[in-house]
Amino acid sequence: MIQPSNALRLKVGGGRLGAIDPAAIAKAEAALKSLSGNFTQWLNDEITKLEAARQAVRVEGPDVANMESLYLRAHDLKGLGATYGFPLITRIAGLLCRLIDDKAKRLEAPMGLVDAHIDAIKAAVRDDIKTDDHPVGKILVQELESRIRELGA
């Protein structure tokens, strides 16, 4: 019987459980660094999509479809903020997701608070506030978290 080679196993540590080839890590980090010049544009593209979803809610009123779109845009930013160098955006978008996560209650979400989250995300990018170590970032997160707790979300 001929055993086919397992190239994946070799690339992630030669079969040793949990071992990862340092060269593979370095290669992945280099690839990520080469893409980092695009992060600002990609982040702005995601924020534009979030803003478009908000505008749809404002114009058409909250309905199942446009609130789902708003949720999905926020969820994307929750996943991408830190990757793009803005852990604060990941945190704020996560709070927004928490606010509108429950589909049964999504249509009742207070739009003023939804707006506050989106405006905070936009302000973070505009003013280059990347973490909650920044005094403004800290205040933003504390205030948004407080409002969400008040709602029981």
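This is a predicted model: local features need pLDDT of at least 70, side-chain atom pairs count only at pLDDT 80 or more; totals for chains, interfaces and linings use all residues.
**Entry 1: a loop lysine**

Is Lys 103 buried or exposed? I looked it up: Lys 103 has 61% relative accessibility, so it counts as exposed (buried means under 20% relative accessible area, exposed over 50%, partly exposed in between, with a 1.4 Å probe and protein chains only). I found Lys 103 in the loop between α5 and α6. I also checked Lys 103 against Glu 68: they sit 35 residues apart in sequence, and their C-alpha atoms are 8.1 Å apart in space.

**Entry 2: ground rules**

Residues are numbered from 1 along each chain as its sequence is written, and side-chain values use heavy atoms, with hydrogens and water left out.

**Entry 3: the whole chain**

I counted seven helices and zero strands in the protein. Helices here are DSSP runs of H or I with at least four residues, strands are runs of E with at least two, and numbering goes from the N terminus. Along the sequence the pattern reads α-α-α-α-α-α-α. Of the 153 residues in the protein, 31% are buried. The accessible surface comes to about 9500 Å², and carbon and sulfur atoms hold 57% of it (Shrake-Rupley method, 1.4 Å probe; for residues, only the protein chains shown count as cover). I then took contacts between residues at least 6 apart in sequence: 63% of them join residues at least 24 apart. Contact means heavy atoms within 4.5 Å.

Next I went through helix pairs. Two packed helices are described by the angle between their axes and the distance between the axes. The axes are lines fitted to C-alpha atoms, for helices over the stretch in contact, and angles run from 0 to 180 degrees between N-to-C directions.

How do α4 and α5 run, parallel or antiparallel? Helix α4 (residues 64–80) and α5 have axes that come within 7 Å and cross at roughly 150°. The two are therefore roughly antiparallel (angles over 145 degrees; under 35 is roughly parallel, 65 to 115 roughly perpendicular, the rest oblique). The crossing of α4 and α5 is left-handed, the label used if the near helix is turned anticlockwise from the far one by less than a right angle, with right-handed for clockwise. On the α4 side I listed contact residues including Met 67, Leu 70, Tyr 71 and Ala 74; those of α5 include Ile 89, Ala 93, Leu 96 and Ile 100. By class this contact has 11 nonpolar, three polar and one charged residues. For the classes, Ala, Val, Leu, Ile, Met, Phe, Trp, Tyr, Cys and Pro count as nonpolar, Asp, Glu, Lys and Arg as charged, and the others, Gly among them, as polar.

**Entry 4: α5 against α7**

Helix α5 (residues 87–100) packs on helix α7 (residues 135–151) at an angle of about 10°, with the axes 10 Å apart. That angle makes α5 roughly parallel to α7. I logged this crossing as left-handed. Leu 88, Arg 91, Leu 95 and Leu 99 are among the α5 residues in the contact, and Val 141, Leu 144, Glu 145 and Ile 148 among those of α7. The contact divides into eight nonpolar, one polar and four charged residues.

I followed up two of these. Glu 145, in α7, counts as buried because its relative accessibility is 19%. Setting aside neighbours within four places in sequence, Glu 145 touches Arg 91 and Leu 95. Leu 99, in α5, is buried too, at 11% relative accessibility. Tyr 71 is 28 residues from Leu 99 in sequence, and their C-alpha atoms are 9.3 Å apart.

The crossing is left-handed. Leu 113, Ala 116, His 117 and Ala 120 of α6 meet Leu 140, Leu 144, Arg 147, Ile 148 and Leu 151 of α7.

Last stop: Asp 128, in the loop between α6 and α7. At 48% relative accessibility it counts as partly exposed. Most residues other than glycine have a negative phi. Asp 128 has a positive phi, near 55°.
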